[in-house]
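I am opening my notebook to record what I looked up, entry by entry.

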Amino acid sequence: MNIVILAAGKGTRMHSDLPKVLQPVAGEPMVSRVIRTASALSPARTVVVIGHGSERVKAALAEISEIRFAEQKALLGTGDALRCALSELDPAEKQTLVLVGDVPLIRAESLSKFCEATGNGVGILTVELADPTGYGRIVKQNGQVTRIVEQKDASPEELSIHEINTGIMALPTERLSDWCGRMTNNNAQHEFYLTDFIEFAVKDGVPVTSFPVSDEAEVMGVNSKRQLACAERALQKRLAEELLDAGVTLPDPARIDIRGTLRCGRDVFIDVGCVFEGDVVLGDRVHVGPYCVIRNTRVEADTVIQAFTHSDGAVVGEEAKVGPFTRLRPGAELGRETHIGNFCEIKKSTIGTASKVNHLSYIGDTT
């Protein structure tokens, strides 16, 4: 398939100079997370449509070689954004999946099932919301989707519909050029809506499938800092549950933050208030005390990291005891059975097997 990721919006409600799609969730820009999810589907081409803050978005994504960019110079709506991407798509691919750069929690498994259910027709990923205010409603007749109506264009009867459009669609590639040419902006926003494609499909006899997801968090759109915080908590809850399912002990799953990759061995214990950033590995039976910040660190088996320890770019050997209130800076390597006392700081140094470092010590650039 082709994948198009819409990432051109201003994000006015963020009240931030940072483009909306670069706002971080779990330490990663939202659009980067969407791209990573998209890559799990092995698309033929992935096109990111950029607009507001385009140079900053390009720079942030510069190391991702498998994507292409299309620029939407004037922000004229989602339909126009797709139109800007047409020249970058592979016309030989039957299906084009449209994702949204500010819907960061969608799972690859859900997208795979959605695309399979859509087949060669049109697919709309939907969700039932208790309060659908602000979202486009899915209008059906006799159980069949006939159109999507935006909030500002909806009648009172249509506003009572609770099934909403998430913005994620699967479309037949061969129809895109024709349908883009048929769009108009005769609506309250004077924009070109991608949702118009539903009416085109119905008129052209192309089957339209609505595919509901059960987890609202997967399709949560992020347009404000309040919504960004909600997305952060939803993702942290998911990550904590994955740790619990893998056998990690968390006294309070609501008080852990993972902003990168955390890999744990068997019987790992992580106390409350800990933050993990970058690439962190905890070996078997590692015990991490409360309120530690651990970044890009490897901790070997049977080691105890005591409360309020900060570690960045360090390696800690087996059966070590570190802290509390210890700071390990980049290049710190602690050997097996080392003991590091309270309020110590170590950088660019190797501490040998079974060595002890007294409290209030500073060791730098030494072995």
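What volume does the second largest pocket have? I found about 590 Å³, where a pocket is an open set of points on a 1 Å grid over the protein atoms alone, fitting a 1.4 Å probe, with protein on both sides within 12 Å along at least five of seven lines, and lining residues have an atom within 4 Å of a point. Of the 24 residues that line this second largest pocket, I noted that the closest to its centre are Arg 33, Arg 36, Leu 235, Leu 239 and Glu 242.

I kept in mind that this is a predicted model, where local features need pLDDT of at least 70 and side-chain atom pairs count only at pLDDT 80 or more, while totals for chains, interfaces and linings use all residues. Residues are numbered from 1 along each chain as its sequence is written, and side-chain values use heavy atoms, with hydrogens and water left out.

Next I looked at helix α4 (residues 108-118), one of the elements that each supply at least two residues of the lining of the second largest pocket. Helices are DSSP runs of H or I with at least four residues, strands runs of E with at least two, both numbered from the N terminus. In α4, Ala 108, Ser 110, Leu 111, Phe 114, Cys 115 and Thr 118 are buried, meaning under 20% relative accessible area with a 1.4 Å probe and protein chains only, whereas exposed means over 50%. These buried residues line one face of α4, because they fall within an arc of 155 degrees seen down its axis, the arc being that of the directions from the helix axis to the C-beta atoms. On the other side of α4, I found Glu 109, Lys 113 and Glu 116 exposed.

Technical notes
Points joined across faces, edges and corners; volume = space filled by probe spheres on them.
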